[in-house]
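Visitor: Could you take me through the enclosed spaces and the helix packing of this structure, one question at a time?

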Amino acid sequence: MDIAATMTPDGFITLLALVLATLGFLPRVRQLHLRVTMWRILAVSLPALVLVLYFEFYPVTQLRCPAAFSDGFCAALIMSDKNPFAPRDAAFAVSAIWTIFIGIMFQINAIAPGSLPVFKITIDRLLRGREYATLVDLVDPQLDLIGRTEQRQLLRQRHYDWWARLRAPNRGLLIAGLPFGERTAPPLRWWHPVVAWTREKAGWLGWILPHGRNIEDAANRISKKLLTDPGLRRYLVQHRPAFGARLMVLPGFVASNFTKLFITELAADSESTLYLEIEQSGGADHFNGRRFGEDSPLLAVLLNDASVVDTIEAYTPIAEHFLARLNPDNDIAYVRSLSLRPDRQWTDIGCHRDPGIATITFFDLMVTNAARQDVQSHVWLMYADHFVKALLKVHDESGSDVDRTAEWPTRSSELLYRMVAALTDWIELVCRLPQGNYHRDTEGHTLDRSENRIPRAAIITLGDVIEQILRAANVGDEFKVYIFDVAVRCVRRLPKVGEDKVFRDLLVRVLTGEALLSRRAEYVTAAWEFYCDIDHVVRLDTPDLDAALQAALPFSPPPPP
């Protein structure tokens, strides 16, 4: 018999001591994880301990072979010194297998749903001790489990929910499960009565199946703790924004409130990951959309599936923070900085930390991805109108060092241009979206302000923005010509024939003031004046806009030069 392949009681105790000593060298997160999943270790260790003790003391503890077994089979089962596989060899084999299983358990990150109540207690202790780094490392692999448990999406919960309903699925329940705009009574299918009868007769199973309410309650409490702790939120903003981004998509109102606070704090810090990821994105890709990788975790969560940012309305805190910064009562220093001339320092560094440029770039990324992914929403691109209105209130070109003939006389001029350019890019998406895309629908010729399709909503918003800029007394005529030229060039690039011509016609109607609610004559007069000052080559390519402007004028215009 090979002595190295045997296990003595002293050897077994030594092995246990080594395993326990190894636990002391494990990272804090792994120790906490093992404490939460202690039942797994016990489930493997207790049978192993019983078997080892049984084999170590086999002469005393050996069981008699059942009489029903044959003599040959019993001879194989009985361990003796004459048998090549002695009891201590079996004890060694059990110990080796147990050691392997323990090593595997050290590497498993997932916890079972039944461990969530214990997991909640561990999280409470970490929050009280402000051990945020340890908490994030511990919770991060379990967020999906917590979210699914909250929504009762686990298999055990769905089984209980299905069987516990004793009533048949009626038409009212079927209607309630449909989207709001489609709540018409659906026809009953042939299988509905079968399901109803089955549930009526077998509903008693709902009394014996595990309901899962205890783990659901634990998951709710865990998410509430994570989403409402202000110290944790500040830590996530500064150090672990990727984990904060994952928290935003948890279900419930508490997550919605966390999203607003979390993104607002990110937007308030010009050195946060929000600004860094927007800068590294390089702007929107209007031809293919932009997909973000692990180096941009925040934008990846929000924009890789643009329906997420639309559902949780993550654009609202970004937009509202920018509008708040444009209020002199909130940040007079920032408002004054917008009247400065863009210099090399601003172009190379400053603009990447400006909340205005970051906000406009984020909206450009969001709207473009939403259109490319066929998300049926305008994702509130109409915020552009509010941005321009707030910028015009603080726009000032009266500084002594301001060059009013420059492309961008002031920093606010650059923001106005970027907003108008983004709107024209969203309109021109109609030339780049595939056939059948929701936003490329060519039916309808009305200028409806409740329009949900991105190019049409952008057309109406562009008309409002252009009207505000052209009628602003604090904007120089040179810059007004420049901005109106950007809009006219958008008309020039839209199709003159084909189904997509409807978008060009709508834009022409908007630029001639058809969507305005009042003072249209004043706007059209200014638009014609600035239209006559743009490049004549561009005017030659937009005869439809030329004719529409002349027709809308309150007087007979002289021919343009």
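This is a predicted model: local features need pLDDT of at least 70, side-chain atom pairs count only at pLDDT 80 or more; totals for chains, interfaces and linings use all residues.

Visitor: How many charged residues are in the lining of the second largest cavity?
Guide: About 30 Å³ of space lies in the second largest cavity, and its lining consists of Thr-446, Leu-447, Asp-448, Glu-451, Arg-456, Ile-460 and Leu-506. Three of these lining residues are nonpolar and one is polar, while the number of charged ones is three.

Visitor: At what angle do helix α16 and helix α17 pack?
Guide: Pro-241, Gly-244, Ala-245, Leu-247 and Met-248 in α16 meet Ala-255, Phe-258, Thr-259, Phe-262 and Ile-263 in α17, and the residues of this contact divide into eight nonpolar, two polar and no charged. The crossing is left-handed. With their axes 9 Å apart, α16 (residues 241-248) and α17 (residues 253-268) pack at an angle of about 145°.

Visitor: Is Thr-424 buried or exposed?
Guide: Thr-424 is found in helix α26 (residues 411-427) and, leaving aside residues up to four places away in sequence, touches Leu-462, Val-486, Ala-487 and Cys-490. Its relative accessible area is 2%, and since the cut-off is under 20%, Thr-424 is classed as buried.

Note on methods: Residues are numbered from 1 along each chain as its sequence is written. Side-chain values use heavy atoms; hydrogens and water are left out. Helices (H or I, at least four residues) and strands (E, at least two) are DSSP runs, numbered from the N terminus. Buried means under 20% relative accessible area, exposed over 50%, partly exposed in between (1.4 Å probe, protein chains only). Contact means heavy atoms within 4.5 Å. Axes are lines fitted to C-alpha atoms, for helices over the stretch in contact, and angles run from 0 to 180 degrees between N-to-C directions. A crossing is left-handed if the near helix is turned anticlockwise from the far one by less than a right angle, and right-handed if clockwise. Ala, Val, Leu, Ile, Met, Phe, Trp, Tyr, Cys and Pro count as nonpolar, Asp, Glu, Lys and Arg as charged, and the others, Gly among them, as polar. On a 1 Å grid over the protein atoms alone, a cavity is a set of points where a 1.4 Å probe fits but cannot get out, and a pocket is an open set with protein on both sides within 12 Å along at least five of seven lines; lining residues have an atom within 4 Å of a point. Grid points are joined across faces, edges and corners, and a volume is the space filled by probe spheres set on the points.
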